[in-house]
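Work through the following exercises with the model open beside you. Try each task before reading its solution.

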Protein chains: 2
Amino acid sequence: MKNAVEVIQREQLKEKPTESLGFGQHFTDYMFVMDYSVDKGWHNAVIQPYQNIEISPSAQVLHYGQAVFEGMKAYRQGESIVLFRPEENFKRMNRSNARLNIPEVDGECLLEALKQLVALEKDWIPEGEGESLYIRPFVIATEPHLGVHAALEYKFMIILSPVGAYYGDEQLMPTRIYVEDEYVRAVRGGVGFAKAAGNYAASLAAQTRASELGYQQVLWLDGVEQRYIEEVGSMNIFFVIDGKVVTPELNGSILPGITRKSIIQLAEHLGYEVEERRISIEEVLDSEHISEIFGTGTAAVLSPVGFIKYKEREIKISGGQTGSITQHLYDQYTGIQAGTIPDPFGWRVEVPVTDKV
Amino acid sequence: MKNAVEVIQREQLKEKPTESLGFGQHFTDYMFVMDYSVDKGWHNAVIQPYQNIEISPSAQVLHYGQAVFEGMKAYRQGESIVLFRPEENFKRMNRSNARLNIPEVDGECLLEALKQLVALEKDWIPEGEGESLYIRPFVIATEPHLGVHAALEYKFMIILSPVGAYYGDEQLMPTRIYVEDEYVRAVRGGVGFAKAAGNYAASLAAQTRASELGYQQVLWLDGVEQRYIEEVGSMNIFFVIDGKVVTPELNGSILPGITRKSIIQLAEHLGYEVEERRISIEEVLDSEHISEIFGTGTAAVLSPVGFIKYKEREIKISGGQTGSITQHLYDQYTGIQAGTIPDPFGWRVEVPVTDKV
């Protein structure tokens with residue numbers, strides 16, 4: 001893939017959505033596909049029309065969940081298209097792959113292919129407030145065999161979806177979080193740190209319960225003691241404690257978010273003291289020192305938490321409003337993403353756009 | 001499905017395998033398929049040629065692992081075809097479904113459809129020693145949507161595979177087991193009790209390590225203390241301690257095996273004392289009272305364990321041979337399955353075979 005990937009053209013382009021975009025509901029005209037076999041390694045890289053794929057009923061992904069994914073975004077800014085730390089996503093995918101015995105991918109080559117795909121689909125990148133083109137690279141085990149073993153055949157794909165703000169139109173509306181005290185998402189020694197498909201299916205029951213109780217997201221506790229804060233369903237979590245920015249330390253069961261990592265760097269750069277350490281649910285509930293809570297993630301970006309419910313108690317944070325440090329980090333972070341604030345970290349990666357791709 | 005399911009005929013039947021069958025490598029001519037949508041519930045039940053299916057690249061099973069499966073076997077005995085406690089499998093599937101927010105299936109109707117499918121495929125049921133027709137019912141989330149939520153569309157399928165003995169030709173050859181002390185399979189509050197696809201992907205790294213070290217299977221310890229025996233990769237585990245048959249109690253993270261349940265009933269029926277309780281790895285390593293260990297599962301049936309490796313120690317069980325109680329239970333259990341010993345439990349379910357199905 002040093003050269004451009006072959007493009008199989010569609011006969012007709014799709015209509016672009018005119019209603020509210022939502023999240024992951026609309027898909028663009030093209031997708032990137034690549035196959036893996038033991039003999040050939042990764043091969044058959046192609047950009048082709050977005051359409052159904054054929055898969056064997058005995059493909060291992062359908063039975064044993066051998067699948068990982070990534071999530072990233074492309075932003076359109078005037079004539080420019082910008083990705084945000086995309087190399088980090090391919091690095092993390094390879095860590096997920098290693099844990100699930102999926103063969104490594106070549107992140108540099110894939111980044112070039114991704115740029116080609118995004119440039120081809122530039123007209124699909126929405127420009128409204130909070131809107132972007134969500135990028136979903138994923139790998140699935142396709143070998144048609146029911147023995148439980150690491151598959152010998154895989155498919156890697158990238159699909160694209162124009163999306164709106166994750167929590168609807170109001171970007172900085174504080175969210176309501178339910179602390180799950182029965183279900184467990186992950187435990188050390190498991191696959192919590194990987195973007196493994198099965199982690200998400202396992203989270204649905206708790207998410208459904210939280211929704212029924214009027215909360216938008218689940219806050220997970222650790223699997224061993226069910227006492228230490230891990231992460232929110234689709235976000236890592238940060239606390240402002242005595243003016244310090246504090247987040248749970250990575251322990252093997254927490255997803256190492258790229259937004260998490262970026263917010264830590266940004267907060268330090270802005271002069272905040274940052275701590276990564278264990279935080280118990282008691283500390284969160286009983287501390288008079290916690291002034292703000294927010295979540296971070298590619299989909300949600302940075303989202304203030306207004307209410308936390310644990311067993312019979314519900315506490316209100318920052319009076320249910322967005323706190324000043326949360327607002328400061330949000331403005332700086334989204335400003336760097338948008339290019340309205342200088343990017344001292346080299347996080348923005350421009351996608352070359354030519355008329356002919 | 002009170003009436004027979006519609007059958008879409010193949011134009012040409014496949015050649016049956018002539019070499020060693022292996023496990024889950026060959027598939028029969030037909031499969032059962034049924035769709036789910038919120039509007040229609042389960043619908044479109046059909047028996048059709050076994051072939052690739054079309055699926056959206058954004059189908060939720062490929063991203064979030066919302067999939068469960070079951071495993072059961074059909075045996076051919078002269079002119080009879082026999083299933084073994086099939087209603088238990090559909091009950092367990094519904095427990096798995098409930099945990100993964102997948103809509104319930106109608107086990108009674110599905111059992112009738114399964115009988116129709118197996119009768120249609122009767123010529124695929126092998127009759128050799130240790131051979132059977134492996135039956136794989138499974139459900140996958142097919143809704144094309146990247147939001148993390150319980151899918152609104154599913155596909156339920158049954159595929160069939162003629163199989164040999166799970167550990168190769170020698171049915172009662174004692175296996176070598178590696179006790180995993182780093183990776184964790186499941187923890188209470190998680191999905192360990194469900195036949196959730198993601199559980200199996202998460203187990204591959206440990207299975208690979210065990211294989212590299214010369215062991216056939218992993219023995220998992222509990223996720224909280226990493227101290228109590230849970231299960232083997234594809235089997236539940238039993239110990240003979242002072243002549244008693246002892247197995248780990250079900251705790252939410254152990255798979256409630258149907259063979260496990262049957263062996264408990266059979267052992268009690270044969271006059272053995274049976275205990276379900278916690279068993280620590282220290283008890284296993286240091287007890288002079290453990291005389292036999294064996295695993296149970298649909299694929300492996302009942303398999304003696306000859307060696308157990310934990311950290312730097314390896315212990316030999318029953319002199320690396322099959323113990324007498326293991327042999328007794330194996331003979332009785334497979335005799336009931338084969339119809340050569342009376343079935344006092346009503347476990348055997350005959351499949352009506354007519355010339356016209």
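**Exercise 1.** How many helices and how many strands does chain A have?

*Solution.* This is a predicted model, in which local features need pLDDT of at least 70, side-chain atom pairs count only at pLDDT 80 or more, and totals for chains, interfaces and linings use all residues. Residues are numbered from 1 along each chain as its sequence is written, chains are lettered from A in the order in which they are written, and side-chain values use heavy atoms, without hydrogens and water. Counting DSSP runs (helices: H or I, at least four residues; strands: E, at least two), chain A has seven helices and 18 strands.

**Exercise 2.** Find what chain B and chain A share at their interface.

*Solution.* Begin with contact, meaning heavy atoms within 4.5 Å: 59 residues of chain B touch 59 residues of chain A. Next take the buried area, the accessible area (1.4 Å probe) that two parts lose on being put together, summed over both; here this is about 4,800 Å², with 61% from carbon and sulfur atoms. Finally, ask which element of chain B gives the most to the side that touches chain A: the answer is α4(B), with nine residues.

**Exercise 3.** Describe how β3 of chain A meets β3(B).

*Solution.* Strands pair if DSSP finds at least two bridges between them. Strand β3 of chain A (residues 53-55) is joined to β3(B) by three bridges, and the two run antiparallel. Within this arrangement, Ile55(A) stands opposite Ile53(B).
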